[in-house]
Amino acid sequence: MQYNVTVIGSGPGGYVAAIRCAQLGFKTAIIEKYDTLGGTCLNVGCIPSKALLDSSEHFINAQEHFKEHGIEIPAPKVNLGQMIKRKGDVVKANVDGIAFLMKKNKIDVLKGVGSFVDKNTIKITKDGKESTITTEKVIIATGSKPTPLPFAAFDKKRIISSTEALELKEIPKHLIVIGGGVIGMELGSVYARIGTKVTVVEFLDNLIPTMDATLGKELQKIAKKLKMDLFLGHKVTAVENKGSEVTVKAEPKNGGAPVELKGDYCLVSIGRKPYTDGLGLDKIGIETVKGQIPVDDHLKTKVDNVYAIGDVVRGAMLAHKAEEEGVYVAETLAGQKPHVNYHLIPGVVYTWPEVASVGYTEEQLKESGKAYKVGSFPYKALGRARASMDTDGLVKILADKQTDEILGIHIIGARAADMIAAGVTAMEFRASAEDVSRMSHAHPTYMEAVKEACLAATENRPIHM
Ligand code: FAD
Ligand code: NAI
């Protein structure tokens, strides 16, 4: 077969690129080595983790909060098998949805491992059988895999990655999480809510350390409410599977007494690495740099008809970033002049309350020497938050000291994940804190906290604080 565009990998980068290519009139194929489409995000990432987060939130609400609302029920129990089954049903509905979209857009789905024969020929291998296609352009969207500790491989039984943590057959008694980043805090909170003792060992001095430090500090308080033990600033020195037990040794990185932890599972969530195994990049002369495929500002590799997007290239490893890049490349191939604003890709952690952020952090502004001002507003001063008893958290606005342009929006609190879209809109249109302060926000809503934080950033004039 001969195609205009062939996409390798069907995650959010790949399938979105394929749809946009088809919309633009290209004869398009997508190659996927697994049986289902959707990549990490739909199969073992965004969607299943959010399904379990949601189920565990329902449980803790039933267990701890219904009573205060005047709802009396017998003590709820967790049926982990049913929780995991529901998660599986959610995943199936989503991945089937992608298969439908491929059909609808007349995209050929080719199942098997795709590898370059040359820059216009791709070999597809499935169950020992090979076929080849030719193509004018290629978009590589092969994603990423979990990073193991250098001294303790994933055994997938006791020393596990997020993939196994989404499929456990029993509720762990003690889950030791290595890495207090996004996966560690999301999946750590799933199990903490349903009765697992969770201990987090994080190398740096704060949780979710790539985000504004205020958010990590607030998240620490929330983790404590879930009775998580936190060992921040600790370097893990050994992890050992001892059959039904796993031991983790760690020491404070600035000196002090080492700790030895014993648990039944150890989730290693220390980041992900780009995945290019079996792709045959050597056949077209592409060398990876720190695992990533090098691309120019137009996401083109050094080979003129080959592009790469998503987790396999530089930048945030996020589904929506991969999607934007998929659209960008498709439109570039069609001769359009698309645009991705990498500075305004929001980051969200789906704990409860949620954490969401866009733009510069205060630490980045300090380091750059830019003059800025800060306004913040706590959820506990918000009528809406009190009505629903979701009073943990705050909104923090960073604005340019001279021009008042909003430079960063950082939220930890109920519904932050959805609220951040308004922040992205404001920043895309280069709003000032004063602009947002003067916009009418419906009452009572959580978004009022953003308005109040903007009022706090401009001449310190919040109304409700
Ligand atoms: P992937 O989704 O990794 O897809 C790559 C695909 O390529 C895979 O299906 C793979 O099988 C296929 N492939 C690889 N090599 C070949 C080959 N040679 N031939 C054929 N097929 C091949 N991001 C968010 O934005 N929000 C979230 O809430 C979120 N939650 C997450 C939760 C977890 C537990 C994890 C692990 C990740 C989460 N992410 C989240 C990150 C998100 O999943 C990734 O950023 C996103 O999936 C990257 O998309 P991609 O298209 O680049 O690659
Ligand atoms: P991460 O980069 O978010 O967090 C890794 C954490 O591990 C960091 O805090 C780091 O300091 C720490 N760490 C690294 N090495 C360590 C060591 N040896 N000992 C102790 N701590 C160590 O990576 P994570 O959580 O594995 O997630 C991978 C990717 O998946 C992220 O880039 C993220 O973007 C994406 N993801 C996104 C989600 C979302 O958008 N809600 C949810 C889950 C994952």
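Because the model is predicted, local features need a pLDDT of at least 70 and side-chain atom pairs count only at pLDDT 80 or more, whereas totals for chains, interfaces and linings use all residues. Residues are numbered from 1 along each chain as its sequence is written, while chains are lettered from A and ligands numbered from 1 in the order in which they are written.

**Confidence**

- The protein chain averages a pLDDT of 98, and 100% of the residues score at least 70, pLDDT being the predictor's confidence in each residue on a scale from 0 to 100.
- For the complex, the predictor gives an ipTM of 0.99 and a pTM of 0.98.

**Surroundings of ligand 1**

- Ligand 1 is surrounded by 37 residues, of which Gly9, Gly11, Gly39, Gly143 and Gly310 are the closest; a residue is near a molecule if its C-beta atom, placed from the backbone, lies within 6 Å of it.
- At least two residues of this shell come from each of helix 1 (12-23), strand 2 (28-32), helix 2 (39-44), helix 3 (46-65), strand 4 (113-118) and helix 8 (319-333); helices (H or I, at least four residues) and strands (E, at least two) are DSSP runs numbered from the N terminus.
- Sorted by class, the shell around ligand 1 holds 16 nonpolar, 18 polar and three charged residues, with Ala, Val, Leu, Ile, Met, Phe, Trp, Tyr, Cys and Pro counted as nonpolar, Asp, Glu, Lys and Arg as charged, and the others, Gly among them, as polar.

**Binding-site annotations from UniProt**

- An unreviewed UniProt entry lists Gly179, Gly180, Gly181, Val182, Ile183, Gly184, Met185, Glu186, Glu202 and Gly271 under "binding site"; the positions are given in the numbering used here, feature names are shortened, and annotations may be inferred rather than shown by experiment. These residues span 93 residues in sequence, yet no two of their C-alpha atoms are more than 14.3 Å apart, so they gather at one spot.
- Not counting residues up to four places away in sequence, valine 182 touches Ile208 and Val349, contact meaning that the C-beta atoms of two residues, placed from the backbone, lie within 7 Å.
- Glycine 271 is found in the loop between strand 15 (265-268) and strand 16 (272-274).
- A further "binding site" listing in UniProt (unreviewed entry) names Lys50, Gly114, Thr142, Gly143, Ser144, Asp311, Met317, Leu318, Ala319 and His320. They span 271 residues in sequence, and the farthest two C-alpha atoms are 29.8 Å apart, so they do not all gather at one spot.
- Threonine 142 is placed in the loop between strand 6 (129-140) and strand 7 (144-146) and counts as buried, with 30 C-beta neighbours inside 10 Å; leaving aside neighbours within four places in sequence, its contacts are Ile8, Gly9, Tyr275, Thr276, Leu279 and Val312.
- Aspartate 311 lies in the loop between strand 17 (306-308) and helix 8 and is buried, with 30 other C-beta atoms within 10 Å; with neighbours within four places left aside, its contacts include Gly143 and Met317.

**Helix 4**

- Helix 4 (residues 80-104) has 25 residues and reaches 36 Å from its first C-alpha to its last, close to the 36 Å expected at 1.5 Å a residue, the expected span being 1.5 Å times one less than the number of residues.
- Met83, Lys87, Val95, Ile98 and Met102 are buried in helix 4, and their cover includes helix 1, strand 2, helix 2, helix 3 and strand 3 (108-111).

**Backbone details**

- The peptide bond from tryptophan 352 to proline 353 is cis, with omega near -5°, and proline 353 lies in the loop between strand 18 (347-349) and strand 19 (354-359).
- Arginine 430, a residue other than glycine, has a positive phi near 55° and counts as exposed, with 10 C-beta neighbours inside 10 Å.

Terms used. A residue is buried if 20 or more other C-beta atoms lie within 10 Å of its own, exposed if 12 or fewer, and partly exposed in between; C-beta atoms are placed from the backbone.
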